[in-house]
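Subject: Structure handover

Hi there,

Here is the structure I promised to pass along. Could you have a look when you get a moment? My notes follow below it.

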Amino acid sequence: YPREKFNAALGHAIHMTIVMCHYLGVTLPFQIQFAGGIKSQISTYPRNLRHLLGESAIIPVVTEGDNNAQTPYFLPLFLSDTNRDDFMLGLAVLSYDIAYLCWTQGVTVNTAAGCNLLENLAICCRAVKLG
């Protein structure tokens, strides 16, 4: 698929996630900043990424006393020629956010389906205890 179509579809999923969280009063573990198009990003702290992805994950190195430990790390939620690795990491963090949203609504997301963003959003919308 052309990158523009992929980014547009992902943008709609991001927007849907933000709208659902707003109306359901859910605060996501990782903050999504939606600016449409190629400016959307998700922020986290390096320590949280290491906790989520494991010790072997390639992320910024931060020591306990380092001032950067408190500096947010922004991951792109759009694919370009130069950001493939950061984009994949951002997509994984977004998947975690959506799985968390599902969990808050009583929906269990099995591990194998964790990366199915649209499917998980649809299941969340049909949750029996939505809201």
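First, a convention: a crossing is called left-handed if the near helix is turned anticlockwise from the far one by less than a right angle, and right-handed if clockwise. Helices (H or I, at least four residues) and strands (E, at least two) are DSSP runs, numbered from the N terminus.

Please note that this is a predicted model, where local features need pLDDT of at least 70 and side-chain atom pairs count only at pLDDT 80 or more, while totals for chains, interfaces and linings use all residues. Residues are numbered from 1 along each chain as its sequence is written, and side-chain values use heavy atoms, with hydrogens and water left out.

The overall picture: the protein chain has 4 helices and 3 strands, in the order α-β-β-α-β-α-α from the N terminus. Of its 131 residues, 35% count as buried (under 20% relative accessible area, with exposed over 50% and partly exposed in between; 1.4 Å probe, protein chains only). Among contacts (heavy atoms within 4.5 Å) with a separation of 6 or more, 55% come from residues 24 or more positions apart.

Now to the helix pair. Helix 1 (residues 3–24) packs against helix 4 (residues 117–125) at about 30 degrees, with the axes 10 Å apart. Axes are lines fitted to C-alpha atoms, for helices over the stretch in contact, and angles run from 0 to 180 degrees between N-to-C directions. The two helices are therefore roughly parallel (under 35 degrees; over 145 is roughly antiparallel, 65 to 115 roughly perpendicular and the rest oblique). Helix 1 passes helix 4 in a left-handed crossing. On the helix 1 side, Leu 10, Ala 13, Met 16, Thr 17 and Met 20 meet Leu 117, Leu 118, Leu 121, Cys 124 and Cys 125 of helix 4.

Cys 124, in helix 4, is worth a click: its relative accessibility is 0%, so Cys 124 counts as buried. Leaving aside residues up to four places away in sequence, Cys 124 touches Met 20, Leu 101, Cys 102, Gln 105, Val 107 and Leu 130.

Just after helix 3, Gly 106 has a positive phi of about 80 degrees.
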